[in-house]
Amino acid sequence: MPTRQSIRPGARLTNLRLWGDIMRTGLILAGLLFSAASHAALPQGEYVARVADCMACHTAEGGDANAGGKRFPTPVGDIFSTNITPDKTHGIGNYSYEDFEKAVRQGIAKDGHPLYPAMPYPSYARMSDKDVKALYDYFMHDVPPSATANRESEIPWPLSARWPLHIWNALYADSPADVKAADDDGDLVKRGAYLVQGAGHCGACHTPRGAAMNEEAYGDSDPAYLSGAMIDGWYAPSLRTINMPPEELKALLLTGRSKHAAISGSMVEVVEQSTQYLTDNDANAIVHYLLSLNRSSSAPSPMPPLADVPSNLDGKTLYMRYCSTCHGPSGQGTDDNVPALSGNPMLQVADPTPLIRVIAQGAETPNTKGSVSFRMPAYGDVMSDDDIRDVTNYLRESWGNGAPEVNSNDVNKVIKQTSP
């Protein structure tokens, strides 16, 4: 069996070149097919469930759809999503609409206990009555029941006590009465704001968290809202400073790929389970809203000038050996194929965890109706921790990215904490 150091780089380069040719051909074919086809219209309730990304959180790997059991790590212990099928014993089959609405918008279960705010009910509070009712009808009549029992949380006592969550709700969650949902699709920016702030709950990942694990803001009047955050070892970039053509941002939402960028990490599941199902109008609405948050007057600009940093020769050598075949010798990427590294938020963020994870563990773009999934190979089996450190620093220092250096201990810590 080959060791970490015995696999020939040349063989991997040959495979990567072949893979690149295959991917380019596949992406061209996929683009032609996608341009000739449109998403079939989903029933209203199912569409709202897709926008709200219910299935992704309430479906465990290998389990029944919406039957719960998916693990969510928290600083105080792991919790598990609940069964939201219409099963009357383990699910929500006995919920009235009023019970359902209270759980969705206020985070209070039928028996009165507060839900953990891992469920984004502070965002769902902004959903309209029409959408919440459609969601209720969908779960009660169109989702198959599953007799999957709910799992207890792994939060130790007394931290597992639920009553403090009533205080948390009073401090940090909006009351539905205080929010007027603008679900009219006549104004693209207003419709986009409704989707992003409400059912789409984009702030749950893209907004920094406070000391009580609360989102620091729920609306765009606060500059913290959508300003970027680390979550589960991945970086959710700022959505307030997007500077790309509207068609490229729309492509990221619908396919996970655009001309110069690609989705990876925890956002892959969001694209696969949720945003690829957006109607054309709603995708345009979200794009218009997010781009409106960038208050700068500058238009989308071409890639910044590329400047190399020759001081890190070991990192440059590794980059040229393993990375340049796909990403280019100057980190420019390949249009509609491999994302650019110059100006890439993952390389610029202070925390190096996401970049180290991608280098060591690989990454995969979403598998959607409009895009062939692209897999970046993992290099943890052919690079030592020192090698990963060197190439990480080369990437973070080159082409104007300007991020601070990491050391081998940083690399080892990330790999141990994030390995499957």
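Reply: Rolling a probe the size of a water molecule over the atoms shows where empty space is left. On a 1 Å grid over the protein atoms alone, a cavity is a set of points where a 1.4 Å probe fits but cannot get out, while a pocket is an open set with protein on both sides within 12 Å along at least five of seven lines, and lining residues have an atom within 4 Å of a point. Grid points are joined across faces, edges and corners, and a volume is the space filled by probe spheres set on the points. This is a predicted model, in which local features need pLDDT of at least 70 and side-chain atom pairs count only at pLDDT 80 or more, whereas totals for chains, interfaces and linings use all residues. Residues are numbered from 1 along each chain as its sequence is written, and side-chain values use heavy atoms, with hydrogens and water left out.

Me: How many cavities of 30 Å³ or more does a search of the whole structure find?

Reply: The search finds two. The largest cavity has a volume of about 80 Å³ and is lined by 10 residues, among them Cys326, His327, Met376, Pro377 and Tyr379, which lie nearest its centre. The second largest cavity holds about 50 Å³ of space, and its lining is made of Glu46, Ala49, Arg50, Met55, Asn66 and Tyr138.

Me: Which helix gives the most to the lining of the second largest cavity?

Reply: Helices (H or I, at least four residues) and strands (E, at least two) are DSSP runs, numbered from the N terminus. Here helix H2 (residues 44-51) gives the most, with three residues. In the largest cavity, helix H14 (324-327) and strand S6 (375-376) each supply at least two residues of the lining.

Me: What is the volume of the second largest pocket, and which residues lie nearest its centre?

Reply: That pocket has a volume of about 980 Å³, and among its 38 lining residues His58, Ser81, Thr82, Ile84 and Leu115 lie nearest the centre. Helix H4 gives the most to this lining, with three residues.

Me: Is Trp163 buried or exposed?

Reply: Buried means under 20% relative accessible area, exposed means over 50%, and partly exposed lies in between (1.4 Å probe, protein chains only). Trp163 counts as exposed because its relative accessibility is 59%, and Trp163 lies in the loop between H6 and helix H7 (164-172).
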